[in-house]
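I opened this notebook to record what I looked up in the structure shown here. The entries follow the order in which I consulted it.

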Amino acid sequence: MAQRRMFSKEITTSDTFVDMPMSSQLLYFHLGMEADDEGFIGNAKMLSRAYGANSDDLSLLKAKGFIIMFETGVSVVKDWNLNNKIRKDRVKPTIYRSEKSLLNVDIDGAYYVDNQMATKRQPIDNQMSAQDRLGKDRLGKDRKDILSGSDEPDRIPYKEIVDYLNKKTGSKYRSSGSKTKTLIKARVHDGFELKDFKQVIDIKTEQWLSDQKMNKFLRPETLFGTKFEGYLNENKSTRQPLTDDDWTRSSIQTTTDDDWR
């Protein structure tokens with residue numbers, strides 16, 4: 001297994017990341033160092049205790065979408081491929097093949113759960129469960145932002161955003177989906193408004209809709225993720241469609257291929 005790891009500033013300087021407690025941020029870096037060459041960790045709970053964190057920190061990383069957790073106890077760093085680029089001949093394949101088979105990789109290199117495969121194979125624990133709720137005193141406002149059942153009215157226009165995406169792309173995404181709502185809510189908390197969501201949808205639809213290779217990425221996981229601000233600031237009339245390798249050039253890399261030898 002490689003002894004060096006990288007972390008993309010697009011992830012670690014995002015508002016969503018820096019708004020977390022320092023202990024949760026530190027745990028993310030430790031998990032990144034301990035993960036195998038494909039980003040999987042078999043003992044995240046033990047590691048969180050070993051590094052002085054607790055279940056709240058691990059649960060917050062899961063709730064904010066920085067890690068994906070499976071019922072088997074295995075976890076994976078969602079943005080592993082954005083953080084790290086290891087030469088293929090140096091990669092030691094993960095031993096967690098069953099969990100990996102439930103995942104796919106989006107245009108930015110981030111892991112996401114392939115719902116069709118997950119339905120066929122097994123459920124994953126990437127949402128907050130009743131017995132794994134975050135501590136009220138510890139996380140404060142984060143708890144109300146993340147967990148369902150809050151008594152505060154939620155005025156975020158989920159339906160209007162998703163309906164607009166469906167109208168532009170001919171898709172049938174549900175605005176009630178917990179993952180979609182979490183992504184939209186995170187961007188709203190970053191300061192973005194309804195018009196910004198519509199502009200991102202317009203820009204990426206113009207670029208990708210007619211491209212058979214790229215139109216599969218016109219979905220909430222890609223459009224409303226950590227690349228949202230970058231998409232918003234693209235020139236939609238001149239920006240060329242991305243290729244499958246573009247995400248590898250967007251990572252902040254501090255080492256060369258020779259460093260992995």
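**Entry 1: Arg5.** I began with Arg5, whose side chain reaches the backbone oxygen of Ala35 at 2.9 Å. I then noted a polar contact of 3.0 Å between the side chains of Arg5 and Asp37. I take a polar contact as a pair of N or O atoms within 3.5 Å; within protein, one must be able to donate a hydrogen and the other to accept it, and residues adjacent in sequence count only if both atoms are side-chain atoms. Arg5 sits in the segment before helix H1 (9-12). Arg5 is buried, at a relative accessible area of 11%. Buried means under 20% relative accessible area, exposed over 50%, and partly exposed in between (1.4 Å probe, protein chains only).

**Entry 2: Basis of the values.** I recorded that this is a predicted model, in which local features need pLDDT of at least 70 and side-chain atom pairs count only at pLDDT 80 or more, while totals for chains, interfaces and linings use all residues. Residues are numbered from 1 along each chain as its sequence is written, and side-chain values use heavy atoms, with hydrogens and water left out. Helices (H or I, at least four residues) and strands (E, at least two) are DSSP runs numbered from the N terminus.

**Entry 3: Helix H5.** I asked how many of the nine residues of H5 are buried. Eight of the nine are buried, so H5 is largely enclosed by the rest of the structure. Among them are Asp56, Asp57 and Lys62. After H5 comes Gly65, whose phi is positive, near 85 degrees. Within helix H5 I also checked Ala63, which is buried at a relative accessible area of 12%. Ala63 and Lys179 are 116 residues apart in sequence and 9.5 Å apart in space, C-alpha to C-alpha.

**Entry 4: Cores.** I found that the largest nonpolar core has 29 residues, and that Leu31, Leu61, Phe70 and Leu103 have the most contacts inside it. The elements giving two or more residues to this core include helix H3 (22-34), helix H5 (55-63) and strand S2 (67-69). Apart from it lies another core of 21 residues, including Ile156, Met214, Phe228 and Tyr231. A nonpolar core is a set of buried Ala, Val, Leu, Ile, Met, Phe, Trp, Tyr and Cys residues joined through side-chain atoms within 4.5 Å.

**Entry 5: Sheet.** I traced an open sheet of three strands in the order S1-S3-S2, with antiparallel pairing. S1 and S2 are the edge strands, each pairing on one side only. S2 and S3 pair over three bridges, and Ile68 has Val76 in S3 as its bridge partner. Two strands pair if DSSP finds at least two bridges between them.

**Entry 6: Salt bridges.** I noted 10 salt bridges in the structure, each a side-chain nitrogen of Lys or Arg within 4 Å of a carboxyl oxygen of Asp or Glu. Asp163 and Lys159 meet in one of them (2.7 Å, N to O). These two residues are four apart in helix H11 (residues 158-169), and are therefore separated by about one helical turn. Asp163 is partly exposed at 33% relative accessibility, whereas Lys159 is exposed at 53%. Glu234 and Lys204 meet in another salt bridge (3.0 Å, N to O). This pair links distant parts of the chain, 30 residues apart, with Lys204 in helix H13 and Glu234 in the loop between helix H15 (228-232) and helix H16 (246-250). Glu234 is buried at 14% relative accessible area, and Lys204 is buried at 0%.
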